[in-house]
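Please examine the structure shown below.

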Amino acid sequence: MFQHLPSSLFEPVLEAIANGERKIKTDGLWGASETFLLSHLARQGRSFCLVAPSYPQAERVYQELCFFLGLCPGPLESHLFPPWDIFPYEPATPRPDLIAKRLAVLYHLVQTEGACVVPSGEAFF
């Protein structure tokens, strides 16, 4: 369905990836077009981690990615890496479901090539 992307829009980004650039800046992509490009990379078997500024934005990107990956055949998956629900210095322990979800995502990263992970910046604290 999405075998060929419009070259004028995505060509510079795909060239930069093919050349092995580690940091790539995109301009002119808006709405779900960024996520559509990421789904194209996932279908090529490329791994990526898109760090969203906030958890609601990470959820939005994750839902868009699931939508685009669901349109094509194959076992492509993306994973939402949730942030902790407490601060590191608090005496309480995190919720067990959050611990399980984070461990499942980390396990998937180790076991699978072509991993697509969407955390928020808060997930790293």
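The chain exposes about 8200 Å², of which 60% is supplied by carbon and sulfur atoms; accessible areas come from the Shrake-Rupley method with a 1.4 Å probe, and for residues only the protein chains shown count as cover. This is a predicted model, in which local features need pLDDT of at least 70 and side-chain atom pairs count only at pLDDT 80 or more, while totals for chains, interfaces and linings use all residues. Residues are numbered from 1 along each chain as its sequence is written, and side-chain values use heavy atoms, with hydrogens and water left out.

Four helices and three strands make up the secondary structure of the chain, in the order α-α-β-α-β-α-β along the sequence. Helices (H or I, at least four residues) and strands (E, at least two) are DSSP runs, numbered from the N terminus. Of the 125 residues, 36% count as buried, where buried means under 20% relative accessible area, exposed over 50%, and partly exposed in between.

Helix 3 comprises residues 55-70. Its buried residues are Ala58, Val61, Glu64, Leu65, Phe68 and Leu69.

Helix 4 spans residues 96-111 and contains Ile99. Ile99 is partly exposed, with a relative accessible area of 31%.

Methods:
The expected span of a helix is 1.5 Å times one less than its number of residues. Buried means under 20% relative accessible area, exposed over 50%, partly exposed in between (1.4 Å probe, protein chains only).
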